[in-house]
Amino acid sequence: MARYLGYHAGDHGTGWRRRQTAIPLATGAAVHQGLELLGKWIQDADVREAPMRAAAKREIITGLPKDVIAWAATEAASQYEQQARHKGLQLTLGDVDAAASYNQLILEQRTLVEGLIWLWALVRLPGLLVEYRVIDVEAEEAIVLDCTCGLGDSTVSDWRVHQTRGCTGIVQMGRGDWLIQHRDTEDIIYDEFKTKATPNYGWEKAWEHSGQLLVNMEAASRRLGKPVSGAMIDVLYKGKRD
(Lines give C-alpha, C1' and ligand atoms only; values in the text may rest on other atoms or scores of the structure.)
Protein backbone atom coordinates (compact mmCIF):
# COMPACT_ATOMS: atom_id res chain seq x y z
CA MET A 1 0.00 0.00 0.00
CA ALA A 2 2.83 2.40 0.81
CA ARG A 3 4.35 1.82 -2.61
CA TYR A 4 0.99 2.34 -4.34
CA LEU A 5 0.35 5.61 -2.51
CA GLY A 6 3.87 6.86 -3.12
CA TYR A 7 4.30 5.90 -6.79
CA HIS A 8 1.01 4.97 -8.48
CA ALA A 9 -1.95 6.71 -6.80
CA GLY A 10 -3.60 9.92 -7.95
CA ASP A 11 -5.07 11.23 -11.22
CA HIS A 12 -1.75 11.02 -13.04
CA GLY A 13 -0.63 7.68 -11.65
CA THR A 14 2.54 9.14 -10.17
CA GLY A 15 1.65 8.90 -6.50
CA TRP A 16 0.96 11.34 -3.70
CA ARG A 17 3.55 13.16 -1.65
CA ARG A 18 3.25 14.41 1.89
CA ARG A 19 3.26 18.18 2.14
CA GLN A 20 6.47 19.33 3.79
CA THR A 21 6.88 22.33 6.08
CA ALA A 22 8.88 25.19 4.60
CA ILE A 23 11.19 25.21 7.60
CA PRO A 24 12.43 21.68 8.38
CA LEU A 25 12.08 20.66 11.99
CA ALA A 26 15.13 19.28 13.77
CA THR A 27 15.58 15.69 12.66
CA GLY A 28 18.15 12.99 13.04
CA ALA A 29 20.30 14.47 10.28
CA ALA A 30 21.43 17.47 12.34
CA VAL A 31 21.97 15.47 15.52
CA HIS A 32 23.81 12.77 13.56
CA GLN A 33 26.18 15.41 12.28
CA GLY A 34 27.08 16.52 15.79
CA LEU A 35 27.59 12.94 17.00
CA GLU A 36 29.71 12.21 13.92
CA LEU A 37 32.00 15.12 14.81
CA LEU A 38 32.31 13.85 18.38
CA GLY A 39 33.09 10.32 17.21
CA LYS A 40 35.80 11.43 14.82
CA TRP A 41 37.34 13.67 17.50
CA ILE A 42 37.46 10.67 19.85
CA GLN A 43 39.16 8.56 17.17
CA ASP A 44 41.77 11.24 16.52
CA ALA A 45 42.35 11.76 20.24
CA ASP A 46 42.89 8.03 20.79
CA VAL A 47 45.60 8.04 18.12
CA ARG A 48 47.26 11.19 19.45
CA GLU A 49 47.23 10.21 23.11
CA ALA A 50 47.93 6.47 22.89
CA PRO A 51 51.72 6.80 23.36
CA MET A 52 51.32 9.13 26.35
CA ARG A 53 48.78 6.85 28.00
CA ALA A 54 51.02 3.83 27.53
CA ALA A 55 54.02 5.63 28.98
CA ALA A 56 52.14 7.00 31.97
CA LYS A 57 49.95 3.91 32.36
CA ARG A 58 46.91 6.16 32.58
CA GLU A 59 43.36 4.98 32.15
CA ILE A 60 41.40 6.23 29.18
CA ILE A 61 39.55 9.49 29.63
CA THR A 62 35.83 8.95 29.22
CA GLY A 63 34.63 12.54 29.56
CA LEU A 64 35.12 14.92 26.64
CA PRO A 65 36.29 18.51 27.17
CA LYS A 66 33.28 20.79 27.18
CA ASP A 67 34.76 22.99 24.46
CA VAL A 68 34.77 19.93 22.18
CA ILE A 69 31.11 19.23 22.92
CA ALA A 70 30.29 22.90 22.36
CA TRP A 71 32.13 22.86 19.04
CA ALA A 72 30.26 19.77 17.75
CA ALA A 73 26.86 21.00 18.98
CA THR A 74 27.32 24.51 17.60
CA GLU A 75 28.61 23.28 14.24
CA ALA A 76 25.66 20.93 13.77
CA ALA A 77 23.16 23.59 14.85
CA SER A 78 24.72 26.22 12.59
CA GLN A 79 24.53 23.98 9.54
CA TYR A 80 20.92 23.14 10.38
CA GLU A 81 20.11 26.87 10.61
CA GLN A 82 21.79 27.58 7.30
CA GLN A 83 19.76 24.89 5.53
CA ALA A 84 16.52 25.93 7.23
CA ARG A 85 16.93 29.60 6.31
CA HIS A 86 17.69 28.69 2.72
CA LYS A 87 14.47 26.68 2.45
CA GLY A 88 12.29 29.29 4.10
CA LEU A 89 13.72 32.38 2.46
CA GLN A 90 11.32 32.62 -0.48
CA LEU A 91 8.25 32.31 1.73
CA THR A 92 9.22 35.20 4.00
CA LEU A 93 10.14 37.78 1.39
CA GLY A 94 8.03 40.89 1.94
CA ASP A 95 6.19 39.43 4.94
CA VAL A 96 7.54 40.76 8.24
CA ASP A 97 5.21 38.67 10.41
CA ALA A 98 6.07 35.46 8.59
CA ALA A 99 9.78 36.21 8.85
CA ALA A 100 9.51 36.70 12.61
CA SER A 101 7.59 33.44 12.98
CA TYR A 102 10.15 31.52 10.96
CA ASN A 103 13.03 33.05 12.91
CA GLN A 104 11.43 31.88 16.15
CA LEU A 105 10.95 28.35 14.78
CA ILE A 106 14.53 28.15 13.54
CA LEU A 107 15.87 29.33 16.89
CA GLU A 108 13.74 26.74 18.68
CA GLN A 109 14.94 23.89 16.48
CA ARG A 110 18.55 25.03 16.57
CA THR A 111 18.42 25.03 20.36
CA LEU A 112 16.91 21.55 20.32
CA VAL A 113 19.74 20.23 18.14
CA GLU A 114 22.37 21.67 20.47
CA GLY A 115 20.57 20.39 23.57
CA LEU A 116 20.28 16.82 22.31
CA ILE A 117 23.98 16.66 21.44
CA TRP A 118 25.01 18.12 24.81
CA LEU A 119 22.72 15.70 26.64
CA TRP A 120 24.07 12.63 24.86
CA ALA A 121 27.70 13.71 25.26
CA LEU A 122 27.36 14.44 28.99
CA VAL A 123 25.02 11.62 30.04
CA ARG A 124 25.43 8.69 27.66
CA LEU A 125 28.93 8.96 26.18
CA PRO A 126 31.09 8.66 29.35
CA GLY A 127 29.52 5.31 30.31
CA LEU A 128 29.85 4.09 26.73
CA LEU A 129 33.57 4.86 26.60
CA VAL A 130 34.22 3.00 29.84
CA GLU A 131 33.40 -0.26 28.06
CA TYR A 132 34.06 0.51 24.39
CA ARG A 133 36.47 2.28 22.08
CA VAL A 134 35.34 3.87 18.81
CA ILE A 135 36.78 2.15 15.75
CA ASP A 136 34.64 3.54 12.88
CA VAL A 137 32.39 6.57 12.40
CA GLU A 138 30.00 6.90 9.44
CA ALA A 139 31.97 4.39 7.37
CA GLU A 140 30.58 3.64 3.91
CA GLU A 141 29.59 -0.01 3.58
CA ALA A 142 28.73 -2.11 0.54
CA ILE A 143 27.72 -5.71 -0.16
CA VAL A 144 27.90 -7.10 -3.71
CA LEU A 145 24.96 -9.41 -4.42
CA ASP A 146 24.65 -11.90 -7.29
CA CYS A 147 28.25 -11.47 -8.46
CA THR A 148 28.82 -12.50 -12.10
CA CYS A 149 32.53 -11.72 -12.49
CA GLY A 150 33.90 -14.63 -10.47
CA LEU A 151 35.03 -12.78 -7.35
CA GLY A 152 32.00 -13.93 -5.41
CA ASP A 153 29.57 -12.03 -3.22
CA SER A 154 31.38 -9.53 -1.03
CA THR A 155 34.77 -11.24 -1.13
CA VAL A 156 36.28 -7.86 -2.02
CA SER A 157 35.58 -4.90 0.26
CA ASP A 158 35.62 -2.38 -2.60
CA TRP A 159 32.75 -2.97 -5.01
CA ARG A 160 34.60 -1.02 -7.74
CA VAL A 161 36.87 -4.02 -8.22
CA HIS A 162 33.80 -5.95 -9.36
CA GLN A 163 32.90 -3.10 -11.69
CA THR A 164 36.26 -3.18 -13.45
CA ARG A 165 35.63 -6.84 -14.27
CA GLY A 166 32.27 -6.09 -15.90
CA CYS A 167 30.25 -7.52 -13.02
CA THR A 168 26.48 -7.15 -13.31
CA GLY A 169 25.82 -7.83 -9.64
CA ILE A 170 23.93 -5.48 -7.34
CA VAL A 171 25.71 -3.24 -4.86
CA GLN A 172 23.79 -2.94 -1.58
CA MET A 173 24.98 0.31 -0.02
CA GLY A 174 25.00 1.14 3.67
CA ARG A 175 26.47 3.61 6.14
CA GLY A 176 26.69 2.77 9.79
CA ASP A 177 26.77 5.40 12.54
CA TRP A 178 29.42 4.10 14.95
CA LEU A 179 31.27 0.82 15.23
CA ILE A 180 32.60 0.27 18.75
CA GLN A 181 34.76 -2.49 20.20
CA HIS A 182 34.57 -3.81 23.74
CA ARG A 183 37.78 -3.09 25.60
CA ASP A 184 37.95 -6.52 27.26
CA THR A 185 36.22 -9.02 24.97
CA GLU A 186 37.03 -7.16 21.70
CA ASP A 187 33.49 -7.84 20.48
CA ILE A 188 32.44 -5.33 17.80
CA ILE A 189 29.07 -3.63 18.22
CA TYR A 190 27.13 -1.46 15.81
CA ASP A 191 25.72 1.66 17.50
CA GLU A 192 22.84 3.39 15.69
CA PHE A 193 21.53 6.83 16.68
CA LYS A 194 17.91 7.85 16.28
CA THR A 195 15.79 10.81 17.34
CA LYS A 196 12.11 10.33 18.08
CA ALA A 197 9.27 12.41 19.49
CA THR A 198 7.99 9.89 22.04
CA PRO A 199 8.56 6.24 23.03
CA ASN A 200 6.76 3.63 20.93
CA TYR A 201 6.92 -0.07 21.75
CA GLY A 202 6.06 -1.24 18.23
CA TRP A 203 8.79 0.94 16.74
CA GLU A 204 11.30 -0.44 19.23
CA LYS A 205 10.41 -4.09 18.52
CA ALA A 206 10.69 -3.52 14.77
CA TRP A 207 14.43 -2.99 15.11
CA GLU A 208 14.85 -6.71 15.80
CA HIS A 209 14.16 -7.28 12.09
CA SER A 210 15.51 -4.03 10.66
CA GLY A 211 17.05 -4.35 7.21
CA GLN A 212 19.11 -1.25 7.89
CA LEU A 213 20.80 -2.85 10.89
CA LEU A 214 21.33 -6.21 9.22
CA VAL A 215 22.84 -4.76 6.05
CA ASN A 216 25.24 -2.46 7.88
CA MET A 217 26.29 -5.17 10.33
CA GLU A 218 26.85 -7.75 7.59
CA ALA A 219 28.76 -5.31 5.38
CA ALA A 220 30.98 -4.18 8.25
CA SER A 221 31.64 -7.81 9.22
CA ARG A 222 32.84 -8.63 5.72
CA ARG A 223 34.95 -5.48 5.47
CA LEU A 224 36.65 -6.02 8.84
CA GLY A 225 36.98 -9.78 8.53
CA LYS A 226 35.45 -10.15 11.98
CA PRO A 227 31.77 -10.48 12.91
CA VAL A 228 29.86 -7.50 14.22
CA SER A 229 28.21 -9.44 17.01
CA GLY A 230 25.56 -7.04 18.26
CA ALA A 231 23.77 -3.74 17.87
CA MET A 232 22.61 -0.92 20.12
CA ILE A 233 20.07 1.76 19.31
CA ASP A 234 20.64 5.06 21.11
CA VAL A 235 17.33 6.95 20.99
CA LEU A 236 17.19 10.66 21.81
CA TYR A 237 13.61 11.67 22.59
CA LYS A 238 12.95 15.24 21.52
CA GLY A 239 9.27 15.54 22.44
CA LYS A 240 6.40 17.01 20.42
CA ARG A 241 6.19 20.68 19.51
CA ASP A 242 2.73 20.93 21.09
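Student: How many aromatic pairs does the count come to?
Tutor: This is a predicted model, where local features need pLDDT of at least 70 and side-chain atom pairs count only at pLDDT 80 or more, while totals for chains, interfaces and linings use all residues. Residues are numbered from 1 along each chain as its sequence is written, and side-chain values use heavy atoms, leaving out hydrogens and water. Rings of Phe, Tyr and Trp (its six-membered ring) pair if their centres lie within 6.5 Å, with planes under 30 degrees apart called stacked, over 60 edge-to-face and the rest tilted. By this rule the number of aromatic pairs is four.

Student: What kind of pair do the rings of W120 and W178 make?
Tutor: The ring centres of W120 and W178 are 5.4 Å apart. Their planes stand at 90°, so the pair is edge-to-face.

Student: How many residues apart in sequence are the parts that W120 and W178 tie together?
Tutor: Helices (H or I, at least four residues) and strands (E, at least two) are DSSP runs, numbered from the N terminus. W120 belongs to helix α4 and W178 to strand β4, so the parts they tie together are separated in sequence by 58 residues.

Student: Is W178 buried or exposed?
Tutor: Buried means under 20% relative accessible area, exposed over 50%, and partly exposed in between (1.4 Å probe, protein chains only). The relative accessible area of W178 is 1%, so W178 is buried.

Student: What kind of pair do the rings of W178 and F193 make?
Tutor: For W178 and F193, the ring centres are 5.3 Å apart and the planes are at 85°. This pair links strand β4, which holds W178, to strand β5, which holds F193, 15 residues apart. F193 has 2% relative accessibility and counts as buried. By its plane angle, the pair is edge-to-face.

Student: Which element supplies the largest share of the largest nonpolar core?
Tutor: A nonpolar core is a set of buried Ala, Val, Leu, Ile, Met, Phe, Trp, Tyr and Cys residues joined through side-chain atoms within 4.5 Å. The largest one has 32 residues, of which L38, W120, L125 and W178 touch the most other members. Elements giving at least two residues each include α2 (28-56), α3 (66-92) and α4 (96-131). The largest share, nine residues, comes from α4.

Student: How many salt bridges does the count come to?
Tutor: A salt bridge is a side-chain nitrogen of Lys or Arg within 4 Å of a carboxyl oxygen of Asp or Glu. One of them joins R110 and E114, whose closest N and O atoms are 3.4 Å apart. By this rule the total is twelve.

Student: How far apart in sequence are the parts that R223 in helix α7 and D136 in strand β1 tie together?
Tutor: R223 and D136 form a salt bridge with an N to O distance of 2.9 Å. Helix α7 (residues 211-224) carries R223 and strand β1 carries D136, so the pair ties together parts separated in sequence by 87 residues.

Student: What is the volume of the largest cavity?
Tutor: On a 1 Å grid over the protein atoms alone, a cavity is a set of points where a 1.4 Å probe fits but cannot get out, and lining residues have an atom within 4 Å of a point. Grid points are joined across faces, edges and corners, and a volume is the space filled by probe spheres set on the points. The lining of the largest cavity includes D136, W178 and Y190. The volume of this cavity is about 60 Å³.

Notes. On a 1 Å grid over the protein atoms alone, a cavity is a set of points where a 1.4 Å probe fits but cannot get out, and a pocket is an open set with protein on both sides within 12 Å along at least five of seven lines; lining residues have an atom within 4 Å of a point.
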